[in-house]
Amino acid sequence: MSAAPLHLGFILEEEYRNSRMPTAVTRALEGWGHHITLLEPRRALGDIDRTVAHGGFDAVVLRTVSGGPGLSLLQAFAASGVKTINAADAVTRVRDKMVMAASARAHGIPFPETYFVTDARLMEQIPEKRFPLVVKPSVGGFGRAVRLVQTREELAALDPDGRAPSYLVAQPWVANSGYDIKLYDTGQHIHAVRRHSSLLGGLDGEREPVPVTDAMRELAHRIGGAFGLDIHGADVVEGEEGWVVVDVNDFPSFGTIAEAPREVAATVVELARGNTKRRKSP
Ligand SMILES: Nc1ncnc2c1ncn2[C@@H]1O[C@H](COP(=O)(O)OP(=O)(O)OP(=O)(O)O)[C@@H](O)[C@H]1O
Ligand SMILES: [Mg+2]
């Protein structure tokens, strides 16, 4: 390698210690001669002076877990002027599904109407014609507590569980075939996999790569631009009027895409060196 090796920090959430992502990315980077420091907020103190302000990182990377400690650390690095991947403010935009909905809709991305719900009983105020509803934690993930509510009568049976820090969001269910397309952007290429919806009992492992159409590619690029995310994934469903985005993730699993780790690693290098224009945060 001609350019000097980079010193990169990877904030590792406990949940991803044994996952392909981000481990395969750090392996690729080390294979190219770069230095990686793993920062594990559940195992070691985060030192504001030594690590955050003066750690000497060219960039710090996070694969976030909703509600995990990694995001605090990423934001601390960003506040200290350290480059973060993704940009910390872009990650914040997809953390809370209400903020996600507002960001998407403000940029003309097809995204369901979304109601912010602090107590399940408030959903009685949602017009009947909006049912069935998908109800989910405003800060959630892994398909946890995502429910389909067919009628107003079913609301009474719901646990009034909207409590800080995670409230609820409710969205009209976008009628679809029951299969999501997961769009992935490694920063190099767009990939797509098809997956049976977790809402209908689909399992995480069941993903098959599908060809990326021009419409999918264009939508993925628009999502990256709208949120300011350099690396991202989106869950999209095909409704009556075309693709609708129902979820955006800042650093997804990249499913079964074999080339994803090397592509993400290449994006990390380009961003850390400033060789590529960052997705502009809106
Ligand atoms: N408004 C909607 N209309 C139709 N289907 C939806 C809607 N919202 C969510 N879904 C379905 O439910 C799934 C899970 O919802 P969502 O992605 O918002 O939650 P999550 O906790 O991030 O889950 P996961 O980790 O499985 O992606 C989606 O992948 C999609 O199949
Ligand atoms: Mg999702």
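Me: A residue is near a molecule or strand if one of its heavy atoms lies within 4 Å of it. Which residues around ligand 1 come nearest?

Reply: This is a predicted model, with local features needing pLDDT of at least 70 and side-chain atom pairs pLDDT 80 or more, while totals for chains, interfaces and linings use all residues. Residues are numbered from 1 along each chain as its sequence is written, chains are lettered from A and ligands numbered from 1 in the order in which they are written, and side-chain values use heavy atoms, leaving out hydrogens and water. Around ligand 1 there are 22 residues, and those that come nearest are K136, V174, D180, S197 and D247.

Me: Which strands each supply at least two residues of the shell around ligand 1?

Reply: Strands here are DSSP runs (E, at least two residues), as helices are (H or I, at least four), numbered from the N terminus. By class, the shell has 9 nonpolar, 6 polar and 7 charged residues, where Ala, Val, Leu, Ile, Met, Phe, Trp, Tyr, Cys and Pro count as nonpolar, Asp, Glu, Lys and Arg as charged, and the others, Gly among them, as polar. At least two shell residues come from each of β6 (133-137), β8 (168-172), β9 (179-185) and β13.

Me: How much of ligand 1 does the protein bury?

Reply: Start with the atoms facing it: a side-chain N or O atom of K136 is 2.7 Å from a ligand oxygen, and a backbone N or O atom of G143 lies 2.9 Å from one. Taken alone, ligand 1 exposes 590 Å², an area from the Shrake-Rupley method with a 1.4 Å probe. Of that area, the protein buries 94%.

Me: How many bridges join β12 to β13?

Reply: These strands form a hairpin with 2 residues between them, and G233 stands opposite N249 in β13. Two strands pair if DSSP finds at least two bridges between them. The antiparallel run of β12 and β13 is joined by bridges numbering 7.

Me: Is T64 buried or exposed?

Reply: T64 is found in the loop between β3 (59-62) and α3 (70-79). Its side chain makes a polar contact (a pair of N or O atoms within 3.5 Å; within protein, one able to donate a hydrogen and the other to accept it, and residues adjacent in sequence counting only if both atoms are side-chain atoms) with the side chain of R95 at 3.2 Å. The side chains of T64 and D250 are joined by another, of 2.6 Å. Because T64 has 7% relative accessibility, this residue counts as buried.

Me: And T186, what is its relative accessible area?

Reply: T186 lies in the loop between β9 and β10 (190-196). The T186 side chain reaches the backbone nitrogen of Q188 at 3.1 Å and makes a polar contact of 2.7 Å with the side chain of E263. T186 is buried, with a relative accessible area of 0%.

How values were computed:
Buried means under 20% relative accessible area, exposed over 50%, partly exposed in between (1.4 Å probe, protein chains only).
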